[in-house]
Number of protein chains: 2
Amino acid sequence: MPSFDATERRVDRTCGRFPAFPRQPALLVRLVKHIARSVHDAGNASLRAHGINHTDYNILMMLYGSEDATCTPSDLAAAAGEKLANITRVCNALCDKKFITRAPSHDDRRKIMVRLTPAGRRFVEGLLPDMADLLDAFTQGLDAREQTTLEKLLKKMLAGAEAVAGQ
Amino acid sequence: MPSFDATERRVDRTCGRFPAFPRQPALLVRLVKHIARSVHDAGNASLRAHGINHTDYNILMMLYGSEDATCTPSDLAAAAGEKLANITRVCNALCDKKFITRAPSHDDRRKIMVRLTPAGRRFVEGLLPDMADLLDAFTQGLDAREQTTLEKLLKKMLAGAEAVAGQ
DNA sequence: TCAAAATAGTACACAAATGAAATATACAGG
DNA sequence: CCTGTATATTTCATTTGTGTACTATTTTGA
């Protein structure tokens, strides 16, 4: 019944044709990919009315959650899971919208301090009620205990994936 | 120590500033996103030498796992988690490389049957040993029991996410 | 039986993301 | 001090992905 069955059947057939293929790791990776995609799409759909997309939102949220609502592009990239070059592009657009400002750091002039403006903060807080509902909907099928277990296991998986990707 | 801490701290600060924000669902969604990204990047890095990217690979794999190594673009889109328009583009490139062929279906002429060629099958099988190692590395931190639990919980989360995204 | 609706795929203009090179600043060792 | 190396960010050409509109077929149901 669930749409993932079509994927799972294909992984099974792959294992039948090439027995060294690791079934369970492949399923885990594909599940993660499908979830990430659904979340991204649902986020985009819900944010479109506000004139931003899911990536913009993630970056604004990581800034909102930073001390002083300020941090560097590199920190944003690490926290949001984006490439630095993409942060530059997104921040250009967020600057144009007056949601953030950029200023060189004084203790290290290679660094840029990105800061959420009051207008940016208000914009984020206007989004949060809807986004909170979305997040709850994504995880509605899991009780509190299951969510805790899932968090623990995903952290282990992330450690493995980052070790391979080289941070 | 793990790089996800920077993200987690920001979610915590967000909850401090906006208490209705659901901490655990937000962490789960961000974990999934970070893992998907690491996997995608590591896949791209490892596949570059072979002249394809992770998306191309996923589509080839879904075909390889199809009955008769044949299916429609719509099925590929659903199984690989891609948009139909993107399947068209990727399949154009895979056709140019002679890894797949396209032919109209006879029982429904709206449909196109995409089929892996013998050259495409050999190409995939040449990739599989390395990709199997990658998959094992991603999940090295999880024992068999944990992988089973993780699969179960991710399937529940996917159901929730797809319900929101509307399939 | 035939119009309206649904389904399958593609085309295209545009948006988003990437890799690699370039720029600028900081740091470390001789 | 310099000089080489590491770090932080941006630029740019290119690749990858999306939304929407369009064509062609099939299905529905009145």
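Q: How many residues does helix α1 of chain A have, and what distance does it reach from its first C-alpha to its last?
A: Happy to start here, with the note that this is a predicted model. Helix α1 of chain A covers residues 4-17, which makes 14 residues. At 1.5 Å a residue, a span of 20 Å is expected, and the helix comes close to that, reaching 20 Å.

Q: Where on α1(A) do the buried residues fall, seen down the axis?
A: The buried residues of this helix are A:Phe4, A:Thr7, A:Glu8, A:Arg10, A:Val11, A:Thr14 and A:Cys15. Seen down the axis of α1(A), they fall within an arc of 160 degrees, so they line one face of the helix.

Q: Which elements of chain B are included in what covers the buried residues of α1(A)?
A: The cover draws on both chains, with α2 (23-48) coming from chain A. From chain B it includes α3 (54-64), β1 (70-71), α4 (73-80) and α7 (144-165).

Q: What share of the atoms of DNA strand D within 4 Å of the protein belongs to sugar or phosphate?
A: Let's turn to the DNA. Bases make up the rest of these atoms. The sugar or phosphate share is 74%.

Terms used:
Residues are numbered from 1 along each chain as its sequence is written. Chains are lettered from A and ligands numbered from 1 in the order in which they are written. This is a predicted model: local features need pLDDT of at least 70, side-chain atom pairs count only at pLDDT 80 or more; totals for chains, interfaces and linings use all residues. Side-chain values use heavy atoms; hydrogens and water are left out. A residue is near a molecule or strand if one of its heavy atoms lies within 4 Å of it. Helices (H or I, at least four residues) and strands (E, at least two) are DSSP runs, numbered from the N terminus. The expected span of a helix is 1.5 Å times one less than its number of residues. Buried means under 20% relative accessible area, exposed over 50%, partly exposed in between (1.4 Å probe, protein chains only). The arc is that of the directions from the helix axis to the C-beta atoms. Contact means heavy atoms within 4.5 Å.
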